[in-house]
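Visitor: Before we start, I would like each term tied to its cut-off. Please show me the structure and then let me ask.

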Amino acid sequence: MTSAPALPRPAPAVAPPQGVKIVLTGPFGVGKTTLVGAVSDIAPVTTEVRMSAAAAEDVSHTPAKTTTTVAMDFGRLDVNGVTVYVYGTPGQERFWFMWDAIVRGAAGSVVLVDTRRLADSFRHLDYVEHARLPFVVAVNDFTDADTYPPSAIRDALTLGPDVPIVDIDARDRDSVRRLLITLIEHVLTRTRPALSEGAPR
Ligand SMILES: Nc1nc2c(ncn2[C@@H]2O[C@H](COP(=O)(O)OP(=O)(O)O)[C@@H](O)[C@H]2O)c(=O)[nH]1
Ligand SMILES: [Mg+2]
């Protein structure tokens with residue numbers, strides 16, 4: 001009787017990357033690429049190109065902006081021993097198919113807003129709400145923008161009372177790290193009660 005051939009030796013299982021995936025979203029020119037560049041421990045993966053008329057972006061609030069992100073921003077950082085991966089959503093319509101892949105497995109989201117044009121972030125808020133992602137709203141500090149108390153931002157964006165609103169400077173590493181810590185804490189407070197409810201007694 002011939003014995004069955006030996007099975008091939010399995011390749012060692014590769015441990016899945018441990019870490020927290022965060023989605024960064026908001027309209028064109030709100031500071032997504034700047035934020036990732038400020039906070040990432042690795043050279044951020046970004047794909048800036050000079051804007052063409054075909055890009056058809058609204059540049060009225062960003063007249064000095066001559067580039068746009070094609071596809072997406074990606075950065076990585078360490079927060080107290082936890083690796084945080086930041087994925088920026090792509091702006092251009094032809095890359096919208098990527099949004100679902102970007103959101104899959106994400107722990108939470110940052111929605112960036114500019115107080116000079118809050119309404120431009122409505123679509124992004126809708127998206128993360130529908131995706132049931134815990135999120136924080138980050139108000140990016142543009143020099144010529146008026147500042148408003150969080151209650152005014154909450155009303156204008158019709159946010160629930162539990163959504164954190166954080167003032168940030170997307171160019172400042174510490175400011176962005178504080179924002180991401182706020183998001184992670186928010187994610188934990190949202191998931192902890194559910195975990196303990198489901199825990200065996
Ligand atoms: N004053 C100020 N300018 C910013 C800030 N964040 C971004 N910018 C500028 O706003 C423009 C748009 O930012 P960018 O990161 O490209 O936006 P994106 O389209 O969301 O990726 C750039 O010229 C940035 O230098 C900020 O916090 N303060
Ligand atoms: Mg960009």
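**Terms and values**

Guide: The chain exposes about 11,900 Å², of which carbon and sulfur atoms supply 57%; accessible areas come from the Shrake-Rupley method with a 1.4 Å probe, and for residues only the protein chains shown count as cover. This is a predicted model, in which local features need pLDDT of at least 70 and side-chain atom pairs count only at pLDDT 80 or more, while totals for chains, interfaces and linings use all residues. Residues are numbered from 1 along each chain as its sequence is written, chains are lettered from A and ligands numbered from 1 in the order in which they are written, and side-chain values use heavy atoms, with hydrogens and water left out.

Visitor: How many helices and strands are in the chain?

Guide: The chain has five helices and eight strands. Helices (H or I, at least four residues) and strands (E, at least two) are DSSP runs, numbered from the N terminus. Along the sequence they follow the pattern β-α-β-β-β-β-α-β-α-β-α-β-α.

Visitor: What makes S121 buried?

Guide: Buried means under 20% relative accessible area, exposed over 50%, and partly exposed in between (1.4 Å probe, protein chains only). S121 has a relative accessible area of 0%, so it is buried. Of the 201 residues of the chain, 41% count as buried.

Visitor: Where does S121 lie, and which residues does S121 touch?

Guide: S121 lies in the loop between β6 and α3 (122-130). Not counting residues up to four places away in sequence, S121 touches P27, V111, L112 and V113; contact means heavy atoms within 4.5 Å. The side chain of S121 also reaches the backbone oxygen of L112 at 3.0 Å. A polar contact is a pair of N or O atoms within 3.5 Å; within protein, one must be able to donate a hydrogen and the other to accept it, and residues adjacent in sequence count only if both atoms are side-chain atoms.

Visitor: What about D114: buried or exposed?

Guide: D114 is buried, because its relative accessible area is 1%. D114 is found in the loop between β6 and α3. Its side chain makes a polar contact with the side chain of R116 at 2.8 Å. D114 also touches V30, F142 and A145, leaving out residues up to four places away in sequence.

Visitor: Why is strand β1 called largely enclosed?

Guide: Five of the six residues of β1 (residues 20-25) are buried, so the strand is largely enclosed by the rest of the structure.

Visitor: Which strands pair with β1 in the parallel sense?

Guide: Two strands pair if DSSP finds at least two bridges between them. β1 and β5 (residues 82-88) pair in the parallel sense over five bridges, with V23 opposite Y87 in β5. Four bridges join β1 to β6 (residues 108-113), and these two run parallel. The bridge partner of T25 in β6 is V111.

Visitor: Why does I168 count as buried?

Guide: I168 has 2% relative accessibility and therefore counts as buried. I168 is found in strand β8 (residues 165-168). Leaving aside neighbours within four places in sequence, the contacts of I168 include L35, L112, A138 and L179. I168 and A138 are 30 residues apart in sequence and 6.3 Å apart in space, C-alpha to C-alpha.

Visitor: What makes N80 and T158 exposed?

Guide: N80 has a relative accessible area of 72% and is therefore exposed. T158, at 66%, is exposed too. N80 lies in the loop between β4 (74-79) and β5, and T158 in the loop between α4 (150-156) and β8. N80 has a positive phi of about 50° although it is not a glycine; for T158, also not a glycine, phi is positive at about 45°.

Visitor: Which residues come nearest to ligand 1?

Guide: Of the 17 residues around ligand 1, G29, K32, T34, K65 and N140 come nearest. A residue is near a molecule or strand if one of its heavy atoms lies within 4 Å of it. A polar side-chain atom of T34 lies 2.5 Å from an oxygen atom of ligand 1, and a polar side-chain atom of R171 lies 3.3 Å from a nitrogen atom of the ligand. Taken alone, ligand 1 exposes 580 Å², and the protein buries 81% of that.
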